[in-house]
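Below is a short briefing on one protein model. Keep the sequence and the 3D view open while reading the points.

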Amino acid sequence: MNKIIKSVLTAGSLALMASTVQAQSAATLDQLLDDVKKNRVSEARINSQREAEFQSARADKQALLRKAQADLRAERARGDRLAKSFSDNEVTLTEKSAELDQATGDLGEMFGVVRQAAAEAYGRISTSIVSAEFPGRAAFLQRMSEEAKGLPNIKELEDMWFALQTEMTESGKVSRFQTEVVLLDGGTAQQSVVRVGTFNLVGEQGYLEYDTNNEQVQPLGRQPDAYQADSATNLLDSTSGLQPFYVDPSRGVILGLLKGKATMSERYHAGGVVGYVITAMLALGLLIGLYKVVTLTLVSGKIRSQLNNTANPSDSNPLGRILKVYHDNKTADAENLELKLDEAILRELPRIESGINIIKIFAAIAPLLGLLGTVLGMIATFQQITLFGTGDPRLMAGSISMALVTTAQGIIAALPLILTHSIVAGRSKSIIHILDEQTAGIVASHAESENA
């Protein structure tokens with residue numbers, strides 16, 4: 001800034017001195033005009049120089065401004081980092097203070113904490129199936145949780161530690177041991193039992209459960225499905241290697257629920273009277289279908305034999321009886337012969353098609369009976385809702401089972417009946433086709449012989 005001021009003063013002094021000299025030395029107007037032009041050129045040069053100096057100074061100021069702005073941004077970023085660090089340190093201090101207070105409180109309330117830990121360990125260990133192999137582990141934990149009146153000693157803490165460590169270690173093992181098992185008839189016997197971690201016990205009677213109240217191993221009231229029970233038997237019989245096994249991860253809860261699972265017999269009987277009617281229709285339809293398949297197969301065999309010997313018709317098959325009608329009416333004209341043969345075929349049709357329509361009717365009625373059972377089940381369900389409300393779904397389970405089971409029974413019955421009807425109808429149509437074909441051939445041959 002001082003440099004700019006000095007430049008301005010110097011330029012002003014030079015201009016004033018030049019004007020004085022010019023005024024004194026100019027003798028004529030022409031000289032004055034020439035001096036003015038010269039002075040203007042000089043002033044323009046000075047002004048250009050001054051402008052360049054101002055531009056240079058302005059660029060310097062812009063650089064200083066940008067530097068100051070950059071410093072400001074850096075300081076603001078630093079301030080944000082410091083603020084975040086301060087906030088994090090405040091949180092850390094709060095957490096550490098809470099940890100310190102908690103540690104201090106734990107030390108101050110050691111008696112209560114030990115009793116609580118002993119109670120939790122007792123609840124876990126007393127209900128664990130590991131206690132079936134290692135009985136008596138939870139006795140001292142029960143004393144610590146209920147009877148302790150002072151701080152525990154080192155030995156008691158070590159015993160609790162060993163109990164928890166044993167539970168944790170045995171939870172990852174598959175162990176075989178001998179123990180007393182309650183039998184289904186009420187007696188007891190020493191049996192070999194396999195323990196799978198803390199999940200399941202397996203014995204000669206399948207899956208077992210541990211009665212924590214009586215500290216006894218006993219079989220389930222009902223074993224799960226056969227393929228699951230077989231895996232338990234295979235595990236009991238195996239001595240080494242890998243063995244597939246269905247494990248209950250809920251430590252017996254799922255197996256307990258499976259005891260209430262309905263069997264196939266129970267599901268069938270849930271259909272009630274409607275289900276029994278559907279079953280009777282299915283059995284009767286299948287018996288009729290089996291009878292028709294057998295009889296039509298025998299008739300087809302006799303017809304094939306008759307085709308090989310048309311000159312000697314037999315009364316034991318439909319084609320033979322039709323051929324016998326032809327032999328008895330060889331002297332009749334073609335029209336009368338055709339009528340006689342059609343009459344013979346019509347006499348054979350009831351024998352061939354008897355029972356087929358019954359199978360078809362059963363196949364159509366079975367789903368309708370299933371629908372009837374569904375409607376009756378829903379009516380019973382709504383009646384129970386009206387009487388008892390919807391508080392206990394088990395009250396409605398029987399009616400809903402009837403509604404669903406009868407529908408399934410109707411569909412299950414209809415499928416084989418439809419298939420049986422298709423087979424029997426196909427056999428009968430093939431026989432009728434042979435009879436029609438042979439009759440048409442006989443009439444045609446007879447007509448040709450007349451025309452000849």
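In this predicted model, the protein has 14 helices and five strands. Its chain holds 452 residues, and 29% of them are buried. The points below go from the whole protein to one core and then to one residue.

**Whole protein**
- Among contacts with a separation of 6 or more, 61% join residues 24 or more positions apart.

**The largest nonpolar core**
- The largest nonpolar core contains 32 residues. Those touching the most other members are Ile-322, Leu-341, Ile-352, Ile-431, Leu-435 and Ile-442.
- At least two residues of this core come from each of helix H10 (272-307), helix H11 (318-328), helix H12 (334-353), helix H13 (356-388) and H14.
- H14 gives the largest share of this core, with ten residues.
- Ile-352 is in contact with Lys-292, Leu-296, Ser-428, Ile-431, Ile-432 and Leu-435, leaving aside neighbours within four places in sequence.

**Gln-409**
- Gln-409 is part of helix H14, which covers residues 394-451.
- Is Gln-409 buried or exposed? Gln-409 counts as buried because its relative accessibility is 11%, and buried means under 20%.
- Residues up to four places away in sequence are not counted here: Gln-409 touches Tyr-268, Gly-271, Gly-275 and Ile-278.

Technical notes:
Residues are numbered from 1 along each chain as its sequence is written. This is a predicted model: local features need pLDDT of at least 70, side-chain atom pairs count only at pLDDT 80 or more; totals for chains, interfaces and linings use all residues. Side-chain values use heavy atoms; hydrogens and water are left out. Helices (H or I, at least four residues) and strands (E, at least two) are DSSP runs, numbered from the N terminus. Buried means under 20% relative accessible area, exposed over 50%, partly exposed in between (1.4 Å probe, protein chains only). Contact means heavy atoms within 4.5 Å. A nonpolar core is a set of buried Ala, Val, Leu, Ile, Met, Phe, Trp, Tyr and Cys residues joined through side-chain atoms within 4.5 Å.
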